[in-house]
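Subject: Structure for your files

Hello,

Below is the structure I said I would pass on. My notes on it follow.

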Amino acid sequence: MQVQQSTRGNGTHSAEVLVAGGGMAGIAAAVAAARAGADVLLVERGGTLGGVATAGLNCSFMGVDRSVIGGVLWEVLDRLASVGGSIEGLYTPFDPEAFKTVAMEMVADAGVRLLLHSWVVDAVVDGDTVTGVRFITKSGQREVRAGAVVDATGDGDIAAAAHAPFETGRPDGQPGQPMTVMLRMGNVDTSKLIAYIKANPDELYKNPLKCVLEENRDPPLFLFSGFFDLVRKGKEAGVLRTARESMGLQGLPNKGQVLVNATRVHGLSGIDADDLTRAEIEGRKQAKTVVEFLKKYMPGFDDAHLIDTAASIGVRETRRIKGLYMLTKEDILSERRFPDAIARNFFPMDNHGPADNPNSHSWTVLRAGGFYDIPYRCLLPQTLNGVLLAGRCISATHEAHASTRTMPCSLATGQAAGVAAALSARHGTRPADLDAGLLRKALIEQRVVL
Ligand SMILES: Cc1cc2nc3c(=O)[nH]c(=O)nc-3n(C[C@H](O)[C@H](O)[C@H](O)COP(=O)(O)OP(=O)(O)OC[C@H]3O[C@@H](n4cnc5c(N)ncnc54)[C@H](O)[C@@H]3O)c2cc1C
């Protein structure tokens, strides 16, 4: 693996395509743009790639179906499987350490220039066109001019800096989805946990999409959501102090490791440093009680230990940039087709409840075998040229975002944004003027299912 570094030194640099943010969307965008022939610079504020998947320890793809989402997702799955780093299924748990390596290798193999520890703080704008970004590093401020910019920051930082209109929160004015500190436990006797669930099926949600068990896999593939009785007992005893009445446990590929989704922090903003600080403090307080609860109450956890909590709290929802089209719940449920479709998804709208009803968790499902299209226009901010949206910040309503935010879908919109950016930069075309047919053809050549 030979990772290419960005041009050294402060001042102004250039790239055909600049991708900001190295989460799922940014990785896919950078790799896809480079494979489409562009000189690509990927700028990430952290020290690893993966975003919420690694720094947020959210290491499970929700909604894997190779007949619906292809392209970069297929390659990620194959590379993870080749190192024993995943158990593929509708939910595909993976080892976050394996993913860090896979992501770095993919970026390197594609010839992407990489710059870590670099925080994008502003957009360079000429009229209504984003022509580059400014970022700060330990060694000073830098500026990069680019033929096209992909905003894969999750929060739409670049589009917002360039004054693109955006929405946040719920239609009723409440803040968006809560944040969560994920944690990972080791040395769990998963056979005892599985036996408990088999003997107490009422402990779990009845929705088959929320509870999965495939014992014929090695290690077994399981996702259990609920544990209503145990959680109630733990809360009554004052051991468990979380803002929800259930929890999710998922088996990871490394034997005896379990991913725990149990904390919730409501009503705070993921784009406000003071709120984020409060959220980290509150989320970690809750996580401490979760560990104690698991060891005392959860079958199979008697000799378990905490491996780690996420380095950063997981942020589900912040800015949703308003694009030339805004995807809606109705589009998803009616499985609407668009002539400029650049990605597909089928996963339900998974919406954790608001602050005034923290236990509500809505789960709006498509019909079995159904899928919906995401039009290219969802990647194009209404008022701006030169910048494309990818991943969590694409143009979708609060409800639709609850489906498009998932990691397989973020890879898919990232790949589309990357290819579109490469084609725009190469042809000197505004992204909005790019022929959608040409883009779709280039995506299909990159094994995207359309
Ligand atoms: C707690 C939680 C549980 C979830 N569960 C699941 C699940 O089980 N399965 C699933 O598929 N999805 C799940 N999701 C959703 C999914 O993980 C995310 O929506 C998805 O990973 C978003 O990918 P992204 O690349 O758009 O954003 P991110 O992963 O947030 O990546 C953005 C990247 O940009 C970087 N960045 C941000 N701002 C800047 C800046 N200004 N300059 C430079 N770099 C910047 C960040 O460091 C990060 O690496 C969950 C989310 C959360 C929070």
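Is leucine 333 buried, partly exposed or exposed? Leucine 333 is partly exposed, because 17 other C-beta atoms lie within 10 Å. The scale behind that word is as follows: buried means 20 or more other C-beta atoms within 10 Å of the residue's own, exposed means 12 or fewer, and partly exposed is in between, with C-beta atoms placed from the backbone. Leucine 333 sits in helix α8 (residues 329-333). From lysine 138 it is 195 residues away in sequence and 47 Å away in space, C-alpha to C-alpha.

Two points on how to read the rest. The model is predicted, so local features need pLDDT of at least 70 and side-chain atom pairs count only at pLDDT 80 or more, while totals for chains, interfaces and linings use all residues. Residues are numbered from 1 along each chain as its sequence is written. Helices (H or I, at least four residues) and strands (E, at least two) are DSSP runs, numbered from the N terminus. Two strands are called paired if DSSP finds at least two bridges between them.

Domains

The domain assignment gives domain 1 (4-170 + 317-445) and domain 2 (183-309); such bounds come from an automatic or database domain assignment. The C-alpha centres of domain 1 and domain 2 are 28 Å apart. Their contact takes 23 residues from domain 1 and 24 residues from domain 2, where contact means C-beta atoms, placed from the backbone, within 7 Å. The side of domain 1 that touches domain 2 has 12 nonpolar, eight polar and three charged residues. In these classes Ala, Val, Leu, Ile, Met, Phe, Trp, Tyr, Cys and Pro count as nonpolar, Asp, Glu, Lys and Arg as charged, and the others, Gly among them, as polar.

The six-stranded sheet

Six strands make an open sheet in the order β12-β13-β14-β15-β11-β16, with antiparallel pairing. β12 (212-214) and β16 (305-309) are at the edges with a single partner strand each, so one side of each has no neighbour in the sheet. On average, neighbouring strands of this sheet are turned by 20 degrees against each other, direction ignored; the axes are lines fitted to C-alpha atoms, for helices over the stretch in contact, and angles run from 0 to 180 degrees between N-to-C directions.

Strand β11 (residues 183-186) is joined to strand β15 (residues 258-261) by three bridges, antiparallel, and methionine 185 stands opposite valine 258. On its other pairing, β11 runs antiparallel to β16 over four bridges, with histidine 305 as the bridge partner of glycine 186.

β12 pairs with strand β13 (residues 221-226) over three antiparallel bridges, and glutamate 214 has leucine 221 as its bridge partner. Proline 219 is in the loop between these two strands, β12 and β13. The peptide bond from aspartate 218 to proline 219 is cis, with omega near -5 degrees.

Backbone exceptions

Most residues other than glycine have a negative phi, and most peptide bonds are trans. Phenylalanine 227 has a positive phi near 60 degrees. It is in the loop between β13 and α6 (228-236) and is buried, with 26 other C-beta atoms within 10 Å. Arginine 447 has a positive phi near 70 degrees; this residue is in the segment after α11 (436-445) and is partly exposed, with 13 C-beta neighbours inside 10 Å.

Hairpins

Strand β7 (residues 119-126) and strand β8 (residues 129-137) pair antiparallel over seven bridges, with aspartate 126 bridged to threonine 129. Two residues lie between these strands, and glycine 127 in that hairpin has a positive phi near 65 degrees. A second hairpin joins β8 to β9 through two residues. Six antiparallel bridges link β8 to strand β9 (residues 140-151), and arginine 145 is the bridge partner of glycine 132.

Ligand

The ligand is surrounded by 37 residues, the closest being Gly21, Gly23, Gly51, Gly314 and Gly391; a residue is near the ligand if its C-beta atom, placed from the backbone, lies within 6 Å of it. Elements giving two or more residues to this shell are α1 (24-35), β4 (60-62), β7 and α10 (407-427). By class the shell has 14 nonpolar, 16 polar and seven charged residues.

Regards

Terms used: Contact = placed C-beta atoms within 7 Å.
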